[in-house]
Amino acid sequence: MNHKELDAWKKSIELVETVYAFTKKFPKEELFCMVQQMRRCAVSVPSNIAEGCARKSDAETIQFLYIAAGSLAELETQLIISEKIGYGNTTHMIEQIAVIRQLIIGLSRYLKTKKK
C-alpha cells in the first residue's frame, strides 16, 4: 500500500501545514512549549501512517494507524487549550482532525476485515 495515495495521509499533510501556519502566530514564550508540542503531534500523524504502510503485515499497519489516531487526539486537546487561552480560532483544524480520524478508522476497519 502506497501511503501517498491514501486520503488520510494527504489530509494529514494538509493539517500539518495548517498547524504550522497557526502556531507561527503564537507568542515567543510558547516556542518551546505549545508550538513545539503541537507541531510534533501534527507531523506524527502522516509519519505514522507512512510508517505503517511500509510494514509487512496489516496488523502492524493497523498499530501505526492507532498511533496516528492517538496523535490526532493529543493535537485536538492542545488546540482546544490554545483556543481557550486566547491564541486563536481552531474550528477549521478541529474539523480537519475529525475527517482524518474517520479516514483512519475506515482504513483500520478495511484492513481488519481484509484479513478474514
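This is a predicted model: local features need pLDDT of at least 70, side-chain atom pairs count only at pLDDT 80 or more; totals for chains, interfaces and linings use all residues.
Nonpolar side chains tend to be buried together in soluble globular proteins. Here, the largest nonpolar core takes in 29 residues. Leu-15, Met-38, Ile-49, Leu-75 and Ile-104 are the ones with the most contacts inside this core. At least two core residues come from each of helix H1 (7-23), helix H2 (31-53), helix H3 (58-84) and helix H4 (91-115).

Leaving aside residues up to four places away in sequence, Ile-49 touches His-3, Leu-6, Ala-8, Trp-9 and Ser-12 among others. Leu-65, Ala-68 and Ile-104 are also among the residues that Ile-49 touches.

Next comes the pairing of H2 with H3. Two packed helices are described by the angle between their axes and the distance between the axes. For H2 and H3, the angle is about 160° and the axes lie 8 Å apart. With the angle over 145 degrees, H2 therefore counts as roughly antiparallel to H3. The crossing of H2 past H3 is left-handed.

That leaves the cysteines. The disulfide count comes to zero. For Cys-33, the nearest cysteine sulfur belongs to Cys-41 and sits 12 Å away, whereas a disulfide needs the sulfur atoms within 2.5 Å. Cys-33 has a relative accessibility of 46%, so it counts as partly exposed. Cys-53, with a relative accessible area of 10%, is buried, because buried means under 20%.

Definitions and conventions: Residues are numbered from 1 along each chain as its sequence is written. Side-chain values use heavy atoms; hydrogens and water are left out. A nonpolar core is a set of buried Ala, Val, Leu, Ile, Met, Phe, Trp, Tyr and Cys residues joined through side-chain atoms within 4.5 Å. Buried means under 20% relative accessible area, exposed over 50%, partly exposed in between (1.4 Å probe, protein chains only). Helices (H or I, at least four residues) and strands (E, at least two) are DSSP runs, numbered from the N terminus. Contact means heavy atoms within 4.5 Å. Axes are lines fitted to C-alpha atoms, for helices over the stretch in contact, and angles run from 0 to 180 degrees between N-to-C directions. Angles under 35 degrees count as roughly parallel, over 145 as roughly antiparallel, 65 to 115 as roughly perpendicular and the rest as oblique. A crossing is left-handed if the near helix is turned anticlockwise from the far one by less than a right angle, and right-handed if clockwise.
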